[in-house]
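Please find below a note on the model under review. The points are numbered so that each may be taken up separately.

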Amino acid sequence: MSSMFNISKWYMDICDNEGNAFIGYSAVLNWRKITIHYRGYIFREKSGRTVTENHLSESQTPVFENN
């Protein structure tokens, strides 16, 4: 049985002139016969309110299009 381990990650952060911030990320981990898909984000508003969301579910990796 192969012990091959592979992780593919994507990450992005953005801050606007108003003071809001966004961090988005996704990953796919492969180890032996196990594949785990993970995605989530953190959004922090200027007011201090923070929204987070995380999922262990398959999703497409973000794609850069049209500049």
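The points below go from the sheet to its hairpins, ring pairs, salt bridge and surface.

1. Basis of the note. This is a predicted model, in which local features need pLDDT of at least 70 and side-chain atom pairs count only at pLDDT 80 or more, while totals for chains, interfaces and linings use all residues. Residues are numbered from 1 along each chain as its sequence is written, and side-chain values use heavy atoms, with hydrogens and water left out.

2. The sheet. Four strands make up an open sheet in the order β1-β2-β3-β4, with antiparallel pairing. The edge positions are taken by β1 (5–15) and β4 (50–55), each of which pairs on one side only. Neighbouring strands of this sheet are turned by 5° against each other on average, direction ignored; the axes behind such angles are lines fitted to C-alpha atoms, for helices over the stretch in contact, and angles run from 0 to 180 degrees between N-to-C directions. Strands (E, at least two residues) and helices (H or I, at least four) are DSSP runs numbered from the N terminus, and two strands pair if DSSP finds at least two bridges between them. Strands of a sheet pair through backbone hydrogen bonds, either parallel or antiparallel.

3. The pairing of β2 with β3. Strand β2 (residues 21–31) pairs with β3 in the antiparallel sense over 11 bridges. Within this pairing, tyrosine 25 has glycine 40 in β3 as its bridge partner. The two strands form a hairpin with two residues between them. Arginine 32 lies in the loop between β2 and β3, and its phi is near 55°, a positive value in a residue other than glycine. With a relative accessible area of 44%, arginine 32 is partly exposed (buried means under 20%, exposed over 50%, and partly exposed in between, with a 1.4 Å probe and protein chains only).

4. The pairing of β3 with β4. Six bridges join β3 (residues 34–44) to β4, and the two strands run antiparallel. Tyrosine 41 has glutamate 53 in β4 as its bridge partner, and arginine 39 stands opposite histidine 55 in β4. Here the hairpin has five residues between the strands, and glycine 48 in the turn has a positive phi of about 105°. Glycine 48 counts as partly exposed, at 28% relative accessibility. The C-alpha atoms of glycine 48 and tyrosine 11 are separated by 22 Å, the two residues being 37 apart along the chain.

5. Aromatic pairs. How many aromatic pairs does a search of the whole structure find? The search finds two, where rings of Phe, Tyr and Trp (its six-membered ring) pair if their centres lie within 6.5 Å, and planes under 30 degrees apart count as stacked, over 60 as edge-to-face and the rest as tilted. The rings of phenylalanine 22 and tyrosine 41 have centres 5.9 Å apart and planes at 25°, so this pair is stacked. It links distant parts of the chain, with phenylalanine 22 in strand β2 and tyrosine 41 in strand β3, 19 residues apart. Phenylalanine 22 is partly exposed at 26% relative accessibility, and tyrosine 41 is partly exposed with a relative accessible area of 26%. The rings of tyrosine 25 and tyrosine 38 have centres 5.9 Å apart and planes at 20°, so this pair is stacked. Tyrosine 25 in strand β2 and tyrosine 38 in strand β3 are 13 residues apart, and the pair links distant parts of the chain. Tyrosine 38 is partly exposed, with a relative accessible area of 30%.

6. Salt bridge. The count comes to one salt bridge, defined as a side-chain nitrogen of Lys or Arg within 4 Å of a carboxyl oxygen of Asp or Glu. In it, the side chains of glutamate 45 and arginine 49 meet at 2.8 Å, N to O. Glutamate 45 is partly exposed at 23% relative accessibility, and arginine 49 is partly exposed with a relative accessible area of 48%.

7. Nonpolar surface patch. Which residues form a nonpolar patch on the surface? They are Phe5, Ile7, Trp31, Ile34, Ile36 and Leu56, with about 590 Å² of accessible area together. Patches are made of residues with over 30% relative accessible area and no salt bridge, like charges being joined within 9 Å and nonpolar side chains (Val, Leu, Ile, Met, Phe, Trp, Tyr) within 5 Å. Accessible areas come from the Shrake-Rupley method with a 1.4 Å probe, and for residues only the protein chains shown count as cover. The elements that give two or more residues to the patch are β1 and β3. Isoleucine 7 has its place in strand β1 and counts as partly exposed at 39% relative accessibility.
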